[in-house]
Amino acid sequence: MIACANCGQENPDVARFCLACGTELSTEPAGQDERRIVSIVFVDLVGFTARAENLDPEDVQAVLGPYHEHVRRELESFGGTVEKFIGDAIMAVFGAPTAYGDDAERAVRGALAVRDSTLELDARELHLDLQLRIAVNTGEALVSLGARMARGESLVAGDVVNTASRLQSAAPVNGVIVGRETYASTRDAIEYEAMEPVRAKGKSEPVAAWVALQPKRAAGERQHSGALVGRTRELDVLRGIWEQVSGERVPHLVTVIGPAGIGKTRLTQEFDRIVEELGGRTIHGRSLPYRESSAYFAFAMQVKQLCGIFDSDPPEVALGKLREHVADLPSGVDAGTVARHLAILLGLDAEGTVDDREELFFSVRCFIESVARDRPTLLVFEDIHWSDRGLLDLIELLAARLRDLPIMLLSLARPELLDSRTAWGGGLPAYTALPLPALSAEDSQRLASLRLEDLSSEDAARLAETAEGNPLFIERRWRRPRPRTPRCRPRCAGSSPLGWTHCRPRSARCCSTPRSSGRRSGAARSSASPASATASRSGWVRSRAVTWSCARRGRSSRASSSTASSTS
């Protein structure tokens, strides 16, 4: 018999769907527990408990029903999973069961969107004077991949959940409060305001907290982090193609392929500068894995930039700008039809439809030909591995049918693109695939030295080796707050410049004395625990209370209480 994960109904072995609820049945064994870094979001209504005391249960449900559905839809649109509803409180998880790599940023953006959209919904429809408190906290948790949330099983467990709940209680009304790890992971993308540490119930020390104000930039945009290291060969390839495109008016499609964090966007930023120096213009569009409004979202961004349309423009103003820019199309092309088709792509004509996709693509082609006729143009499509099939078809069609134009199509993608689009670029008259490899050991060390100026050459080499040629790893380490790292004075004079709280072992016999930037008692300066020395053989170690945890394998060993109590 197979038990349904949704309702618990037992079904015969031959059944593919639950006989009770219709959910697809799975014969795979339940998922295992797994340690992950997750971000927890708590959303709570302010003062609703007191208000509900005087309401009929049906009235309470009439308020909570739309509210729950609205918040759930907003958080899930950012990739989160709503784990539970507890009265007027909602808990969501980012990073489990699916992790995207930017889960902390998604969580904070989702929390801000929940706040703004809920207040807007209340002012427009509900008229209940709703107010919220929201908290986001990031940390390690134990994730139950096979959890059946419909039956009350928890998806995540750990102190990160409890801390998020405590932070939510201390959040300002209609404010979003975040913990230390969330702040460290997202401060480049989100604008914050410092607040007093929160004295949370059950916590031995005050919890550091910040109030999230607003995003600093649009979702998916990357920050220019400094001088580009390496990539000389790739830049030379792109520059050579651009010179051919602009000089001989030969359209060309280039796809830069590489894993996350390898530097595709940073390479494009440097190439943008070269194009502008050579008299061209660059237009960017980005595909997002969440909250896209249309299949052609990236191209719609490019059309808006070309026509000078802002997101804040009313539909009438945006339509006027669009018609103005398509008015000078070549003879024989119906400017009104092209404007109507582009308005559908931009979401300015919600009722409009196109019977034949080829007509839509023809209008797009006519528009691109008109804007690229007199000035060399670079159209950049970022993260097309997230793109809808329709946008990929459009890019290939433009690359195949544009003629005698100084236009270059540059697409950025992870290797996953080739899993779903194995023939990408095949059969095109001018196509180049540009794989972006990991940085060499020398370039990785140079990048680490540039970003972390206080590192010694030995420490820079160690960080470069750990990063395995991925610039994003080094960049994130550079942006994280770096505490002062004193020497291991009592034993071996070693150091841990990457912020570890124990001496980094130079050998199996090297000490792993707990380290602190403050004063320590004589006992801590004169001896190291045998248990901590055992832990040091497995790798660098961290300390909390009397437990030393192996950073590489997640193991731990108890230190003697005498040594632990001697460390201040």
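Which side chain of opposite charge is nearest to D103, and how far away is it? I looked this up in a predicted model, where local features need pLDDT of at least 70, side-chain atom pairs count only at pLDDT 80 or more, and totals for chains, interfaces and linings use all residues. Residues are numbered from 1 along each chain as its sequence is written, and side-chain values use heavy atoms, with hydrogens and water left out.

**Entry 1: D103**

I found that the nearest side chain of opposite charge is R106, 4.9 Å away. For charge, Lys and Arg count as positive and Asp and Glu as negative, while His and the chain ends are not counted. D103 is buried yet has no salt bridge. I noted that buried means under 20% relative accessible area, exposed over 50%, and partly exposed in between, with a 1.4 Å probe and protein chains only. A salt bridge is a side-chain nitrogen of Lys or Arg within 4 Å of a carboxyl oxygen of Asp or Glu.

I placed D103 in helix α3, residues 103-126. Helices (H or I, at least four residues) and strands (E, at least two) are DSSP runs, numbered from the N terminus. A polar atom of the D103 side chain lies 3.5 Å from the backbone nitrogen of G95. Leaving aside neighbours within four places in sequence, I listed S39, F94, G95 and T98 as the contacts of D103; contact means heavy atoms within 4.5 Å.

**Entry 2: salt bridges**

I recorded a general point here: side chains of opposite charge can pair when their charged atoms come close. How many salt bridges does the rule give? The count comes to 27.

I then examined single pairs. In helix α3, E120 and R124 lie 4 residues apart, about one turn of the helix. Their closest N and O atoms are 3.4 Å apart in a salt bridge. R124 is partly exposed, with a relative accessible area of 47%.

In helix α11 (residues 357-372), E369 and R365 are also 4 residues apart, and therefore separated by about one helical turn. Their side chains meet in a salt bridge at 3.2 Å, N to O. E369 is partly exposed at 21% relative accessibility, and R365 is partly exposed at 24%.

Is E234 buried or exposed? I found E234 to be buried, because its relative accessibility is 5%. Its salt-bridge partner is R233, with the closest N and O atoms 3.1 Å apart. R233 is partly exposed, at 48%. I also noted a network of salt bridges that links E69, R72, R73 and E76.

**Entry 3: H70**

I located H70 in helix α2, residues 57-77. H70 is buried, since its relative accessible area is 8%. Not counting residues up to four places away in sequence, H70 touches S117, T118 and L121. H70 and S117 are 47 residues apart along the chain, and their C-alpha atoms are separated by 8.7 Å.

**Entry 4: helix α4**

Which residues of α4 are buried? I listed V160, V161, T163, A164, L167 and Q168. They cover an arc of only 165 degrees around the axis, so they lie on the same side of α4. The arc is that of the directions from the helix axis to the C-beta atoms. These buried residues pack against β3 (33-45), β5 (89-94), β6 (132-144), β7 (156-157) and β8 (175-178).

Finally, I checked the span of α4 (residues 159-170): at 1.5 Å a residue, its 12 residues should span 16 Å, and the end C-alpha atoms are 17 Å apart, which agrees. The expected span is 1.5 Å times one less than the number of residues.

Conventions. A polar contact is a pair of N or O atoms within 3.5 Å; within protein, one must be able to donate a hydrogen and the other to accept it, and residues adjacent in sequence count only if both atoms are side-chain atoms.
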